[in-house]
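Dear colleague,

Please find below the structure that I am handing over to you. My findings follow it, and I would be grateful if you read them with the structure open beside you.

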Amino acid sequence: MAISYNKLWKLLIDKDMLRTDMALSAGVTKNVLARLSKGQPVSMSSMEKICNYLDCDIGDVMEFVKDKPDQ
């Protein structure tokens with residue numbers, strides 16, 4: 001399974017926010033932002049900071065997607 005943060009990016013677009021502004025305001029590092037951009041796992045404490053800042057639930061910013069079988 002892979003992690004998708006597409007919901008987070010859509011939420012930021014809807015709120016007219018830049019990724020870097022969100023990261024700075026939420027108190028997460030540039031390294032966390034880079035990992036999010038690559039769809040890599042980040043700590044739950046980082047996700048908690050983001051959710052608290054955006055006033056949302058974790059399901060509003062990320063989801064697990066099943067890997068597609070090889071063709």
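Two residues are in contact when heavy atoms of theirs lie within 4.5 Å. With that in mind, please begin at the start of the chain. Methionine 1 is in contact with Phe64, Val65, Lys66 and Asp67, once its neighbours within four places in sequence are left aside. Methionine 1 sits in the segment before β1 (2-4). Its relative accessibility is 64%, and it therefore counts as exposed, the cut-off being over 50%. Between methionine 1 and threonine 20 there are 27 Å in space, C-alpha to C-alpha, and the two are 19 residues apart in sequence. Please keep in mind throughout that this is a predicted model.

The helices

Which residues of α1 are buried? They are Leu8, Trp9, Leu11 and Leu12. Seen down the axis of α1, these buried residues fall within an arc of 160 degrees, so they line one face of the helix. Asn6, Lys10, Ile13 and Asp14 are exposed on the other side of α1. The cover over the buried residues of α1 includes α2, α3 and α4.

An α-helix has 3.6 residues a turn, so residues three or four places apart point the same way.

In α3, the buried residues include Val32, Leu33 and Leu36. They cover an arc of only 100 degrees around the axis, which puts them on the same side of α3. Lys30 and Asn31 are exposed on the other side of this helix. The buried residues of α3 pack against α1, α2 and α4. Just after α3, glycine 39 has a positive phi of about 70 degrees.

In α4, Ser46, Met47, Ile50, Cys51 and Leu54 are buried. Why can these residues be said to line one face of the helix? Seen down the axis of α4, they fall within an arc of 135 degrees, so they line one face. On the other side of α4, Met44 and Asn52 are exposed.

Serine 46 belongs to helix α4, which spans residues 44-54. Serine 46 has a relative accessible area of 9% and is therefore buried, as the cut-off is under 20%. Neighbours within four places in sequence aside, serine 46 is in contact with Val28 and Val32.

The nonpolar core

How many residues does the largest nonpolar core have? It has 20 residues, and those with the most contacts inside it are Tyr5, Leu8, Met22, Leu36, Met47, Ile50 and Leu54. Two or more residues of this core come from each of α1, α2, α3 and α4. In soluble globular proteins, nonpolar side chains tend to be buried together. As for tyrosine 5, its contacts beyond four places in sequence are Leu36, Gly39, Gln40, Pro41, Val42, Met47, Val61 and Met62.

Charges and rings

The structure holds one salt bridge. It joins the side chains of aspartate 14 and lysine 10, at 3.1 Å from N to O. Both residues lie in helix α1, four residues apart, about one turn of the helix. Aspartate 14 is exposed, with a relative accessible area of 52%. Elsewhere, arginine 19 lies over the face of tryptophan 9, at 3.7 Å from the ring centre. The count of aromatic pairs comes to zero.

Two aspartates in loops

Most residues other than glycine have a negative phi. Aspartate 16 has a positive phi of about 55 degrees although it is not a glycine. Where is aspartate 16 found? It is in the loop between α1 and α2. Aspartate 16 counts as exposed, at 72% relative accessibility.

Aspartate 55 likewise is not a glycine, yet it has a positive phi of about 55 degrees. Its place is in the loop between α4 and β2 (63-65), just after α4. Aspartate 55 has a relative accessibility of 72% and counts as exposed.

Yours sincerely

How values were computed. Residues numbered from 1 in each chain as written. Predicted model: local features only at pLDDT ≥ 70, side-chain atom pairs only at ≥ 80, totals over all residues. Heavy atoms only, no water. Buried < 20%, exposed > 50% of the residue type's maximum accessible area, 1.4 Å probe, protein only. Arc of directions from axis to C-beta. Phe/Tyr/Trp six-rings, centres within 6.5 Å; stacked < 30°, edge-to-face > 60°. Lys NZ or Arg CZ within 6 Å of the ring centre and 35° of its normal. Salt bridge = Lys/Arg side-chain N within 4 Å of Asp/Glu carboxyl O. Core = buried A, V, L, I, M, F, W, Y, C linked by side-chain atoms within 4.5 Å.
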